[in-house]
Amino acid sequence: MKKTKTKNQIFLKTPLGTARISGDEEGVSAIQLLDEKIPTSTEIPNFLQSAFQQLNDYFNGELEEFSLKLNPQGTAFQQKVWKALNEIPFGKTCSYLDLSRKLGDEKAIRAVASANGKNPLWVVVPCHRVIGSNGSLTGYAGGLQRKQWLLNHENYTSQLSMF
């Protein structure tokens with residue numbers, strides 16, 4: 001008999017809006033920021049409890065590094081970019097060019113930026129830590145004000161060449 005996976009979503013109120021956390025027994029597949037107000041979830045499946053708690057701790061300034069079972073869906077290239085994003089330390093930034101170089105092809109900067117923009121795991125995979133080569137805040141799906149808030153929350157120091 002084949003075991004069927006239960007896919008669930010829960011909601012967490014954050015300072016930047018409501019986060020929808022989706023996943024199943026295989027891991028967290030998506031964390032998205034919603035503009036509409038949805039009440040915080042009260043019933044949380046076991047496999048999403050850690051994500052709920054760790055995000056809450058992050059926004060309360062009590063967590064700098066996530067340790068979650070993740071299961072984002074994407075191409076092999078996107079997965080490679082998302083993995084590299086997880087190597088950017090808390091409170092630090094890098095440029096899209098630095099990220100492209102780390103992945104082995106500085107000419108792939110547009111593809112890297114595109115994969116960065118398709119990151120399904122808001123905050124946990126820290127795409128907000130990628131900035132322009134000149135230090136400018138560029139390209140953030142959640143809006144530049146939210147990106148600035150996240151960087152300020154992490155007390156970032158501009159470090160354009162971390163790799």
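**Strands and helices, checked against their definitions**

Guide: Strands S1 and S2 form a hairpin, with 2 residues between them. The model is predicted: local features need pLDDT of at least 70, side-chain atom pairs count only at pLDDT 80 or more, and totals for chains, interfaces and linings use all residues. Residues are numbered from 1 along each chain as its sequence is written, and side-chain values use heavy atoms, leaving out hydrogens and water.

Visitor: What makes S1 and S2 a pair?

Guide: Pairing requires at least two bridges found by DSSP between two strands. S1 (residues 8-14) and S2 (residues 17-24) have 7 bridges and run antiparallel. So they count as paired. Strands here are DSSP runs of E with at least two residues; helices are H or I runs with at least four; both are numbered from the N terminus.

Visitor: Why is S2 called mostly covered?

Guide: 6 of the 8 residues in S2 are buried. Buried means under 20% relative accessible area, exposed over 50%, and partly exposed in between, with a 1.4 Å probe and protein chains only.

Visitor: Is serine 100 buried or exposed?

Guide: Serine 100 has a relative accessible area of 0%, so it is buried. This serine 100 sits in helix H3 (residues 96-102). Leaving aside residues up to four places away in sequence, serine 100 touches Asp105, Glu106, Ala108, Ile109 and Val112. Contact means heavy atoms within 4.5 Å.

Visitor: Why is H2 called roughly perpendicular to H4?

Guide: The axes of H2 (residues 76-85) and H4 (residues 109-117) cross at roughly 80° and come within 9 Å. Roughly perpendicular covers 65 to 115 degrees; under 35 is roughly parallel, over 145 roughly antiparallel, the rest oblique. Therefore H2 is roughly perpendicular to H4. Axes are lines fitted to C-alpha atoms, for helices over the stretch in contact, with angles from 0 to 180 degrees between N-to-C directions.

Visitor: Which residues meet between H2 and H4?

Guide: Phe77, Gln78, Val81, Trp82 and Leu85 in H2 meet Ala111, Val112, Ala115 and Asn116 in H4. By class, the contact has 7 nonpolar, 2 polar and no charged residues.

Conventions
Nonpolar A, V, L, I, M, F, W, Y, C, P; charged D, E, K, R; others polar.
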